[in-house]
Amino acid sequence: MTARLLVIGLDAAEATLIEGWAREGRLPNFAALMARAAAFVPDNLPLRTLPGAIWPELITGVSCGRIGQYYHPGQLHTGEAERRAIDPEEVDVESYYWVKAARAGLKVAALDMPHSYPAPDMGGVQLFDWGVHDRHTGICSFPSSYLDGVKARLGDHPVIDCEAHDGTPESYAELRDQLLRGVALKTALIVDTLKSDRWDLLTACYGEPHCVGHQFWHFHDPGHPRHDPDARPEFKSTIFDVYALIDKGLGEVIEAAGAGAEIIVVASHGMGRFFGGPNILSEVLARLGLTSANDTGAGRLARSVQRGHGPISRAARAFARPLLGRKRLKAIQARLGALREPLTDPRTKAAPLPNNRVGAIRLNVKSREPSGSVAPGNEAAAMVDDIRVALQGLRDSRSGEPVVAQTLTPREAFGADYHPDVPDLMVVFREDLGEIGDCASDKLGELRVPTDVSLKHRTGDHTSHSRVWIISPRTPPAAPVAKGALTDLAPTVLDLLNLPAGERMDGHSFLR
């Protein structure tokens, strides 16, 4: 069978690597794609604001500032003081481009699209969390018989959690094999689905570039501080090997789609060296006196133990809760300015929020937060200004250079029409200073904060390099042009299907 329109996503595949290896003849199917396609280089706003909203922007055409869903595993919701996962009921699945197509009566298959949730009674085929980097729903399909068939033909995807390895050569070898098998299985999944029916739209995504970039970057990058020149040669080539297998799969998938199919291939965002930065924010806010207690030597020690990698820190964390009990431990943490959920305490003025590679800060605003202590308006604005000044004064201890590249309020980033869940300040850190952890200023003194202990094996992090390649009679081949935004993908898909984008979308078709 065939597809009228085929959309292939490459989750966190570094576009500059793809383009370089294609020019060298090492990725022949990507080279053939680029020779036939119109290429676009969209501006990637989420990599400077809310990185976890990249895929929601791509699949809905709505600005991340208006979606307000930027950290699916556990973000803060207005009116709540503790972070939690985004509930599927809070997601507007009707805004996905494939759901819009299905509701218009087209035959649609959506396979492993990142950060997406099931649409009831959509018809066609939906598959979730089988082979993706970020899992939210649990592995499922609609209809359920589709997943039954996948498991019967292909089994389970071999990578469930690429962060779970222990950093030994044996675990890297196992993860490498799993990723390569995962690519081959994803190609087989897409090809089998294409051959099973005649589709108006089939959209699918390779998640393996995301995993391999995070975990194998130090093998690939000779300048990385953790690079080992004596590492196994196959480890050094793992990123290329995954991309090369995707290249092979791309050729098979395009062939299976049929000669008349229109094609979109999108590299959502890229991958480069991990540098950190958000890890310093809790200490910055503590030293500004914005936590639940005054900054003291005991508080600094407690926060250091919370963050530490070493056996003493790990042992202290392991024994503290059962020894003290949850209530007593929380009281001690509050007195030390080291609360796990700082906004639960009215003494807290501001707290850092998880936001992937970009720092994020939320004020404890009265009437917005349950334990709010900061007056909205002038007091909140003055506090944001004070935090910005303190951050801009921080200098890297090695180079003396500023560690912060930019700070943005939601109004500055998105205009007045932003979602209330968006953080009050987003902090973009420099990417050219190495890992950010040791820095100082006259106001804050010396900060020595290790990068996130939960990501201790992650050596690659995201870049803003996005690409969209389109093969269609309506788009003559062209060199990459800086045009548009990530929100332009969804309306482009609908445009190629001769469907209206709808009024709510912020993006516009690349074709217009």
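This is a predicted model: local features need pLDDT of at least 70, side-chain atom pairs count only at pLDDT 80 or more; totals for chains, interfaces and linings use all residues.
The radius of gyration is taken over C-alpha atoms, and the globule rule that accompanies it is 2.2 Å times the number of residues to the power 0.38. For the 512 residues here, a compact globule would come out near 24 Å, and the protein has 23 Å, which agrees. The C-alpha atoms fill a box of roughly 70 × 55 × 45 Å along the principal axes.

Residues are numbered from 1 along each chain as its sequence is written, and side-chain values use heavy atoms, with hydrogens and water left out.

The protein has 17 helices and 18 strands; helices (H or I, at least four residues) and strands (E, at least two) are DSSP runs, numbered from the N terminus. Buried residues make up 57% of the 512, where buried means under 20% relative accessible area, exposed over 50%, and partly exposed in between, with a 1.4 Å probe and protein chains only. Of the contacts (heavy atoms within 4.5 Å) with a separation of 6 or more, 70% are between residues 24 or more positions apart.

Let me turn to the aromatic residues. Rings of Phe, Tyr and Trp (its six-membered ring) pair if their centres lie within 6.5 Å; planes under 30 degrees apart count as stacked, over 60 as edge-to-face and the rest as tilted. The count by this rule is 13 aromatic pairs. In one of them, the ring centres of Y172 and F235 are 6.1 Å apart with planes at 55°, so the pair is tilted. This pair links distant parts of the chain, with Y172 in helix α7 (residues 169-196) and F235 in helix α9 (residues 233-236), 63 residues apart. Y172 counts as buried at 3% relative accessibility, and F235 counts as buried at 3%. F235 also pairs with F216: their centres are 6.4 Å apart and their planes at 70°, so this pair is edge-to-face. F216 belongs to helix α8, and 19 residues separate it from F235. F216 is buried, with a relative accessible area of 0%. Ring pairs link Y172, F216, F219 and F235 into a cluster.

Which residues does H218 contact, leaving aside its neighbours within four places in sequence? They are Y172, H224, R226, H227 and T459. H218 is found in helix α8 (residues 208-220) and counts as buried, at 4% relative accessibility.

T487 lies in the loop between β18 (478-485) and α17 (489-496). Beyond its neighbours within four places in sequence, T487 is in contact with E57, G61, V62, S63, D506, G507 and H508.

Two charges deserve mention. A charge sits over a ring if NZ of Lys or CZ of Arg is within 6 Å of the ring centre and within 35 degrees of the ring normal. The charged end of R26 sits over the ring of F240, 4.0 Å from its centre, and K107 lies over the face of W199, at 5.7 Å from the ring centre.

Finally, a sheet. Two strands pair if DSSP finds at least two bridges between them. Three strands form an open sheet in the order β11-β14-β15, with antiparallel pairing. β11 (395-396) and β15 (445-448) stand at the edges, each with a single partner strand, so one side of each is left without a neighbour in the sheet. Four bridges join β14 (residues 438-441) to β15, and A440 stands opposite E446 in β15.
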